[in-house]
Amino acid sequence: MRYYIIIPAHNEAAFIGVTLQSLISQTVLPAKVVVVNDNSTDQTATIVTDFAEKHPWISLVNKNSEAIHLPGSKVIQAFQKGLETIDENYDILVKADADLIFPKNYFETIVKHFKSDERIGMAGGFAYIEKNSEWILENLTDKDHIRGAFKAYRKACFEQIGGLQPAMGWDTVDELLCKFYDWKVVTDAHLQVKHLKPTGANYNKASRYKQGEAFYRLGYGFIITAIASLKLAMRKGKPLLFLDYLKGFWKAKSEHQPLLVTQEQAKFIRNYRWKKMKEKLFK
């Protein structure tokens with residue numbers, strides 16, 4: 001199975017080299033890697049160009065956008081720019097961050113998962129961050145969720161869910177739509193990806209309400225949003241974020257922001273979320 005990787009990158013000179021090195025060290029190489037240089041002011045483009053000269057399957061695409069980091073929208077707009085440059089001759093499409101170190105067998109294993117069951121629509125490993133000289137699980141999500149930093153999609157699944165939404169919550173809505181269309185999502189705990197920057201390191205103060213806005217646009221409703229907000233705030237070790245998330249929800253609701261899903265899909269998502277919560281309560 002051929003896999004293509006698209007990597008959005010903004011000022012990633014400190015990390016993009018080690019990320020690309022981990023890709024050229026894979027036991028099963030990607031057919032294409034496209035790095036989208038999104039208005040970088042450092043040496044990101046130069047580093048990628050150096051790799052591309054030695055490895056023809058690596059290419060650089062330049063994109064100009066505002067320097068402000070908006071969770072979700074900026075990175076997916078850059079991803080879409082890369083998507084426009086690739087052909088259709090792939091079986092698996094990967095969205096990856098520019099600050100990762102993949103284990104050498106990562107994509108060999110991902111391909112094996114996809115080959116094992118034609119209903120697997122998405123697959124991925126787990127993110128690990130360095131703390132006190134040890135690599136520990138970046139425990140921000142449930143074990144059945146694939147982090148936005150490294151998402152691998154079967155082509156048919158990617159097309160059926162309509163690609164990726166340029167908004168915060170894109171890396172949740174994609175999995176929920178997978179479930180809606182009866183695709184399987186597979187996570188593999190043996191695949192430990194080193195995440196070199198903590199999630200949200202570049203988020204500015206204006207972004208703190210975005211998570212609650214995302215919950216609204218996913219069609220969660222207030223009660224599910226409140227539960228999800230409390231859980232996420234506690235996982236981040238910042239309980240007061242709970243209030244910011246709720247403010248973001250009510251702000252989006254009062255502005256009648258459009259949902260990222262249809263009403264039918266929103267109803268499915270709410271039912272699915274309630275089902276998962278009940279399963280955890282009554283284990």
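User: In this predicted model, what share of the contacts in the protein chain with a separation of 6 or more comes from residues 24 or more positions apart?

Analyst: The model is predicted. Take the contacts in the protein chain with a separation of 6 or more. Residues 24 or more positions apart account for a share of 78%.

User: Which radius of gyration does the protein chain have, and what would a compact globule have?

Analyst: The chain has 283 residues. A compact globule with that count would be near 19 Å. The chain agrees with this, because its own radius of gyration is 18 Å.

User: What box do the C-alpha atoms fill?

Analyst: The box is taken along the principal axes. The C-alpha atoms of the protein chain fill roughly 55 × 40 × 40 Å.

User: How many helices and strands are there, and what percentage of the residues is buried?

Analyst: The protein chain has 10 helices and nine strands. Of its 283 residues, the buried ones make up 48%.

User: How far apart are the C-alpha centres of domain 1 and domain 2?

Analyst: The domain assignment gives domain 1 as 3-195 and domain 2 as 206-282. The two are in contact: 19 residues of domain 1 meet 21 residues of domain 2. Their C-alpha centres lie apart by 25 Å.

User: How far apart are the mean positions of the positive and negative charges?

Analyst: The protein chain has 40 positive charges and 31 negative charges. Each set has a mean position, and the two are separated by 6 Å.

User: What covers the buried residues of helix H3?

Analyst: Helix H3 spans residues 73-83. Its buried residues are Ser73, Lys74, Ile76, Ala78, Phe79 and Gly82. The cover includes strands E1 (3-9), E2 (32-38), E3 (58-63) and E4 (92-96), along with helices H5 (155-160) and H6 (170-180).

User: Is Ile86 buried or exposed?

Analyst: Ile86 is found in the loop between H3 and E4. Ile86 touches Tyr4, Ile6, Val34 and Leu93, leaving out residues up to four places away in sequence. Buried means under 20% relative accessible area. The value for Ile86 is 12%, so Ile86 is buried.

User: How far apart in space are Ile86 and Val111, C-alpha to C-alpha?

Analyst: In sequence, Ile86 and Val111 are 25 residues apart. In space, C-alpha to C-alpha, the value is 20 Å.

User: Which residues is Arg2 in contact with, leaving aside its neighbours within four places in sequence?

Analyst: Arg2 sits in the segment before E1. Arg2 is partly exposed, with a relative accessible area of 35%. Leaving aside neighbours within four places, its contacts are Ala31, Asn89, Tyr90, Asp91 and Ile92.

User: What distance separates the C-alpha atoms of Arg2 and Pro30?

Analyst: Arg2 and Pro30 are 28 residues apart along the chain. Their C-alpha atoms are separated by 6.9 Å.

User: Why is helix H7 described as largely enclosed, and what do its buried residues pack against?

Analyst: Helix H7 covers residues 210-217. Seven of its eight residues are buried, so H7 is largely enclosed by the rest of the structure. These are Gln211, Gly212, Glu213, Ala214, Phe215, Tyr216 and Arg217. They pack against helix H8 (222-235) and H9.

User: Which residue just after H7 takes a positive phi?

Analyst: The phi in question is about 80°. The residue just after H7 with this positive value is Gly219.

User: How far apart are the C-alpha atoms of Trp250 and Gly212?

Analyst: Trp250 lies in helix H9, residues 241-254. Trp250 counts as partly exposed, because its relative accessibility is 42%. Gly212 is one of the buried residues of H7. Trp250 and Gly212 are 38 residues apart along the chain, yet their C-alpha atoms are separated by 7.9 Å.

User: What phi does Asn132 have?

Analyst: Most residues other than glycine have a negative phi. Asn132 is found in the loop between strand E6 (120-131) and strand E7 (134-137). Asn132 is exposed, with a relative accessible area of 69%. Although it is not a glycine, Asn132 has a positive phi of about 55°.

User: Is His256 buried or exposed?

Analyst: His256 is found in the loop between H9 and helix H10 (263-281). Phi of His256 is positive, near 55°, in a residue other than glycine. Exposed means over 50% relative accessible area. At 67%, His256 is therefore exposed.

Definitions and conventions:
Residues are numbered from 1 along each chain as its sequence is written. This is a predicted model: local features need pLDDT of at least 70, side-chain atom pairs count only at pLDDT 80 or more; totals for chains, interfaces and linings use all residues. Side-chain values use heavy atoms; hydrogens and water are left out. Helices (H or I, at least four residues) and strands (E, at least two) are DSSP runs, numbered from the N terminus. The radius of gyration is taken over C-alpha atoms; the globule rule is 2.2 Å times the number of residues to the power 0.38. Buried means under 20% relative accessible area, exposed over 50%, partly exposed in between (1.4 Å probe, protein chains only). Contact means heavy atoms within 4.5 Å. Lys and Arg count as positive and Asp and Glu as negative; His and the chain ends are not counted. The place of a charge is taken as NZ of Lys, CZ of Arg, CG of Asp or CD of Glu. Domain bounds come from an automatic or database domain assignment.
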